[in-house]
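Welcome, and thanks for taking a look at this chain.

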Amino acid sequence: MERKIYTNIYFLSMEKRRIIRLGKSSYVVSLPKDWALRFNLKEGDWVFLETKEKELRIFPYEPEISSGDKEYKIDMYNIKETFLANLIRALYKAGYNRIILSSSKIISPRLINIIKETIGSLPGTEIAYQRPREIVLEIRTENIELRELIHKGFSLVSGAMEYVSALIEEAGIEYLENLKFIQESFHGIRALTVRLSNGGNCRYILVTLYSLEKILEAIVKIAILTSFNFKSDLKNVKRSLRNLFAIFQRVKNTYLEANIEQAKEVIDEISKNDFLGKWMIEDEFTRILDSHFKDIVSSCTLILECIIIDSILRY
C-alpha cells in the first residue's frame, strides 16, 4: 500500500523526524535541540505525552489543569495505567470534586485496583458508584484546615524519628515496612495540602511541607543504612538521633506557635552548635550517615526561615 503524499502546505512546512527502532517493541523519535534548550530539558528529564486521534503532543512540563467546573471526565481506553494514576492525582491537586472514569470496554479488575490504590493516598476521595464501564470518584475536603494538615505532617515525621531509634535498639529490618506506611500517609497529606492551597497565597506552607518531606526521606535512609549495618558501633547514631529529635520538637513548636523571636533563637543555636555530636568519620558508612543528618538540620533551618519571611511579608 502506497503512503499518502501530503501536498497541503501545512504538512510541507513541518519538520520531519525519522523513527528509530529501539529493542524489540519500542520506537524512538529525537527531540529538536532548539526546543529542548528553550525549556531547559536535559538527559533524564520527563516529558508528557498526549495522544488524540492522529496527533501526538509532547509537553516539556506537566500540563496545567483548570478546575473551572470541578468535574473531569477521563476516557480510560486510550490511557496507560501509570498515566491514569498520575492524572487522578493531578486532578485531585487541581481542586476537582468529581472525576468520571469511563471506558468503551468493561473496566478490568487490574484497573480497578490501580484506581483504589491511587485514591487510598488521597484523603477525602471515595468511589461514589461503580458500573461495568464507569467509575465515579467524589472528593470532599471542605472541612479540613491547612494548619491541621501541617500539624499532622510534623507528627508523622516525629513518629518516623522514634521508629528509627526503636529499630536500632530493639527491632529488626522487617519493621522498615512501618516507615513505608508513614511515608504513604505523608504523601496523602502533601497532595491534600496542594489541593487546599490551590490558587491561594500558601507558598510558605508548601515550602514547609517540602522541608518535612526531605526530613522524612533522610530518616528513612538512615533507618535502612543502620538496619543493614551490623559491624559499626551505633552509639553515635543513637546520640545524634536524640539530639535531632530534641531540635525537631523545638522547630515543630516554634512553627505551630508562629513564634518569630524563638525561630531566630533556634536558627542561631543550630548555626553555633554541633547537634550531631563529634562524629568519627572513618568509613563510607559514617560519611553517608553524616550527610543525611546534615540534610535534616538544613531542612529544619528552612522551616524556621519560612516563619520569619512570612511574617515580614504579612506586615
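Helices here are DSSP runs (H or I) of at least four residues and strands (E) are runs of at least two, numbered from the N terminus. Counted that way, the chain of this predicted model holds 10 helices and eight strands.

Of the 315 residues in the chain, 37% are buried. The accessible surface is about 20800 Å², and carbon and sulfur atoms account for 52% of that surface. Taking contacts between residues at least 6 apart in sequence, 69% join residues at least 24 apart.

Now to the sheet. Four strands make up an open sheet with mixed pairing, in the order E5-E6-E8-E7. Strands E5 and E7 are at the edges with a single partner strand each, so one side of each has no neighbour in the sheet. On average, neighbouring strands of this sheet are turned by 15° against each other, direction ignored.

Here are some elements of this region with their residue ranges:

| Element | Residues |
|---|---|
| Strand E5 | residues 71-75 |
| Strand E6 | residues 98-102 |
| Helix H4 | residues 109-120 |
| Strand E7 | residues 125-131 |
| Strand E8 | residues 134-139 |

How do strands E6 and E8 run, and how many bridges join them? They run antiparallel, joined by five bridges.

Finally, helix H4 lies across E6, E7 and E8, and runs at about 160° to E7.

Note on methods. Residues are numbered from 1 along each chain as its sequence is written. This is a predicted model: local features need pLDDT of at least 70, side-chain atom pairs count only at pLDDT 80 or more; totals for chains, interfaces and linings use all residues. Side-chain values use heavy atoms; hydrogens and water are left out. Buried means under 20% relative accessible area, exposed over 50%, partly exposed in between (1.4 Å probe, protein chains only). Contact means heavy atoms within 4.5 Å. Accessible areas come from the Shrake-Rupley method with a 1.4 Å probe; for residues, only the protein chains shown count as cover. Two strands pair if DSSP finds at least two bridges between them. Axes are lines fitted to C-alpha atoms, for helices over the stretch in contact, and angles run from 0 to 180 degrees between N-to-C directions.
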